[in-house]
Amino acid sequence: MIHKTFLFDFRDLNLTVEQIERAMGYPEGESHEPIYDIAARVMKEAEAICDLKAEYRIFENITFDPTNKKVTIGEVTFDIGKIIFGQIRKADSLALFTCTAGKGIGENSRRAMKESDLLEGYIYDVIGSEAVEAAADLMQNELEVEMSMEGRKITNRFSPGYCGWDVSQQHRLFSLLPGNFCGIKLTDSALMDPVKSISGIIGLGPDVRRMPYTCSLCDMKDCIYRRKG
Amino acid sequence: MSEILQQLSHCVEFGKIDKASPYPPDLKGQDGADEITKRALEEGIKPGDILEMALIPAMALVGDKFSRKVIYVPQMLMAAKAMSGAMKHLKPFFQSGETLRKGKFIIGTVAGDLHDIGKNLVAMMIEGAGWEIIDLGVDVNTEKFLKAINDNPGAVIGLSALLTTTMENMKKTVEVIRGNYSGLNVLVGGAPVTMEYCQKINADFYSPDPQGAVNYLNQLS
């Protein structure tokens, strides 16, 4: 079983203040001076407190159930729904991954909000989200390179809670990973702690593909990421 | 409207919190919402007039600009903070009963969901519209909602959820509220929530933005 751990430096992510502005809703090319200045300052602070870590573990003992759109890894079955099933059904193995920006960024966000600085808290929150996604991109790129050396490819990454995969199945996903994987713990309601963390599945094999954008496949018309895109 | 209330309204609309705030640049070094509110009270302007003639109109403009995508969440939060700087001077008058608010609004993110930015934003806009906010926080179970309703008869309820999966808990919360109290207004909101879902779970109102909730509440008050 292949298991890899990555530690990233915040600077590896190449996040820009403009990117954070886009994530806060400002259209391309539009900036607001005070917000830009505050975001630049908070980003500098975030650089010092983000503790970026990603891990994946590859499983080869997988079976697909096309009728019920399920996949089983070992003895754990996931009801991944038709969208994700369609993307990973040709995989010969699956990577389960987690990635986190660490506790500090979420704590700073909550602290700022508690002290009635909602703007700073919001900016920390947005930077945390962008940072963990960017770190997961780096991990995924490394996985893609690794697979390409064997003539294999990867799919997009899919997480419980999105594309019709129930978030409660996060518990099943974590049951296949060693305790304290990436330093993430699950709440009873399947949310991750630290909050700025993501987890999910990536299909691997010669016959899968990574698509630039998959929202058109999804029937969740009100998904926040569809709106963002 | 007097000049001082116009100044206050301008400060709130553009997020000028106090004299130390460097923004907006054209007001640098000048008094902000904090100092102007204090001065207005010292000049004998009634707290209710400060609320009704300066703060509420300013926040209504902010909400309207947000709805039209003229400004975005960060500018709305700056305005909300400036409003808070003014409100801290008015709170003693609300507490003493000298100045009345439009009503009480109980708000919380439903059980299982830890997201609070949208909920906080709505709470601040509704407070800026003259309502008293009872914020129950995040991951709020039905018992906590019921206790708050019991403690604050006649309050309007606001439920927030960011995840499609926790929307189910929104449905359960509405069911439990309806099962225990009749005639209460329940508003729902959050990224995955729609008017169709609002109707399906028997809530009273949904708005995709805070100003819609403010407009709805204004009709009730």
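These legends describe close-up views of a predicted model. Local features need pLDDT of at least 70, side-chain atom pairs count only at pLDDT 80 or more, and totals for chains, interfaces and linings use all residues. Residues are numbered from 1 along each chain as its sequence is written, while chains are lettered from A and ligands numbered from 1 in the order in which they are written.

**View 1. Overall build of chain A.** Chain A holds seven helices and ten strands. Helices (H or I, at least four residues) and strands (E, at least two) are DSSP runs, numbered from the N terminus. The C-alpha atoms fill a box of roughly 55 × 35 × 35 Å along the principal axes. Of the 229 residues in chain A, 41% are buried. Buried means that 20 or more other C-beta atoms, placed from the backbone, lie within 10 Å of the residue's own; exposed means 12 or fewer, and partly exposed is in between. Among contacts in chain A with a separation of 6 or more, 74% join residues 24 or more positions apart. A contact needs C-beta atoms, placed from the backbone, within 7 Å.

**View 2. Helix H2 of chain B.** H2 covers residues 33-42 of chain B. Its buried residues are B:Ala33, B:Asp34, B:Ile36, B:Thr37 and B:Ala40. They pack against helices H1 (3-13), H3 (47-67) and H4 (73-96) of chain B. Just after H2(B), B:Gly44 has a positive phi of about 95°.

**View 3. Two cis peptide bonds.** Most peptide bonds are trans. The bond from A:Asp193 to A:Pro194 is cis, with omega near 5°. A:Pro194 sits in the loop between strands E9 (192-193) and E10 (197-205) of chain A. In chain B, the bond joining B:Tyr23 and B:Pro24 is also cis, with omega about -10°. B:Pro24 lies in the loop between H1 and H2 of chain B.

View 4. Most residues other than glycine have a negative phi. A:Lys69 has a phi near 55°. The loop between strands E3 (62-65) and E4 (70-73) of chain A holds A:Lys69. With 18 other C-beta atoms within 10 Å, A:Lys69 is partly exposed. For A:Cys182, phi is about 65°. A:Cys182 lies between helix H6 (170-175) and strand E8 (185-186) of chain A, in the loop. A:Cys182 counts as buried because it has 22 C-beta neighbours inside 10 Å.

How values were computed
Two residues are in contact if their C-beta atoms, placed from the backbone, lie within 7 Å.
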